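Hi everyone, thanks for coming. Let me put today's protein on the screen, and then I'll walk you through a few spots in it.

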Amino acid sequence: MKTRKILSLILSLALIIALAACAAESGTEPSTDDGSANAEPAPVAIDKEAFDALIASGPVADDSAIAASEWASAVKAAGNLRVGGTRTSFLFSQLDETDNSLRGFDAGLYQLLARYIFGDESKFELTQVDSSTREAVLQNDQVDAVFATYSITPSRQEVISFAGPYYTSKQAILVKADNTDIKGLEDLAGKNVATQAGSTGPAILEEYAPEAVVQEFTTDAEARTALEQGRVDAYVTDYTLLLNAIVKNPGVYKIAGETFGSDDNYGIGLPLDSDGVAFVNDFLKSIIEDGTWAKLWKITLGDRTGISEVPAAPTVG
């Protein structure tokens, strides 16, 4: 009896070895049937090497340009650029815990500015901010500049100054990836369209798509859930917010048609009446003119969202 069991084990082991050998010869792995083939696609990661190489090749200001600016001179004397920003904005400033680096469109800009001032892109310190603290950290001299998808508005310009704009967003239409009915604004007539309550969305839809059936939701997540479940046909909100949704959920959504509405200009927050505005504007103009801005947009936004056409950079100043 024991002999039979031993023979059975030997035969089983021989079969396993033979299967492994065949798999090695064919260049394939034995099937584990663990369902991994049906796993959801991962979000599109940023090309770290391309990002890091671009930042390391950024321009450096002349000593005379630094000396001519009280703001830039103070930053250089302090030895670090103090930045107000975020670590959790997937496309604009995301912390990568594997190497403790910050990457994204905003992150690229403040690292390029650090390089412009110091000749070293690593000379920055980040203070986490949110929409309620961005003015305060500038007024209290906790940071030198704020990079945080920071919309330029008249009320904010009463208490701080802005360099830029460096990025322009508008409204856009989000639909499910397999939607073939909605290709633009004209197709929203008679459709159920989600937007966020308390935002500019309802008024914009009233102006640009008056025949849409508007449903207001409290949060972005609620609106997207309604879209995924088919309770609405489309979702209209800020284009930048929708880009984050597309990258975080590959294969689930797409943008229908062109952006629309008035420009939402993002600026770099600086202390009120600071001469840093002129200095940072010169920096922005230099990276737009030499193509760095466009390359940064492509690495951080375009390549990750499948959008091949780089938008025109906004007019600075």
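I'll start with the overall picture and then go to individual residues.

This is a predicted model, so to speak of local features we need pLDDT of at least 70, and side-chain atom pairs count only at pLDDT 80 or more, while totals for chains, interfaces and linings use all residues. Residues are numbered from 1 along each chain as its sequence is written, and side-chain values use heavy atoms, with hydrogens and water left out.

The protein has eleven helices and twelve strands; these are DSSP runs, H or I of at least four residues for helices and E of at least two for strands, numbered from the N terminus. Of its 317 residues, 43% count as buried, meaning under 20% relative accessible area with a 1.4 Å probe, protein chains only; exposed is over 50%, and partly exposed is in between.

Now, Asp220: is this residue buried or exposed? Asp220 sits in helix 8, residues 220-228, and counts as buried because its relative accessibility is 16%.

Next, some backbone geometry. Most residues other than glycine have a negative phi, and most peptide bonds are trans. The Gly164 to Pro165 peptide bond, though, is cis, with omega near 5 degrees, and Pro165 belongs to strand 7, residues 160-176. Asn100 has a positive phi of about 60 degrees; you'll find Asn100 in the loop between strand 3 (93-96) and strand 4 (101-103). Asn100 is exposed, since its relative accessible area is 63%. Asp141 also has a positive phi, near 60 degrees, in the loop between helix 6 (134-139) and strand 6 (145-151).
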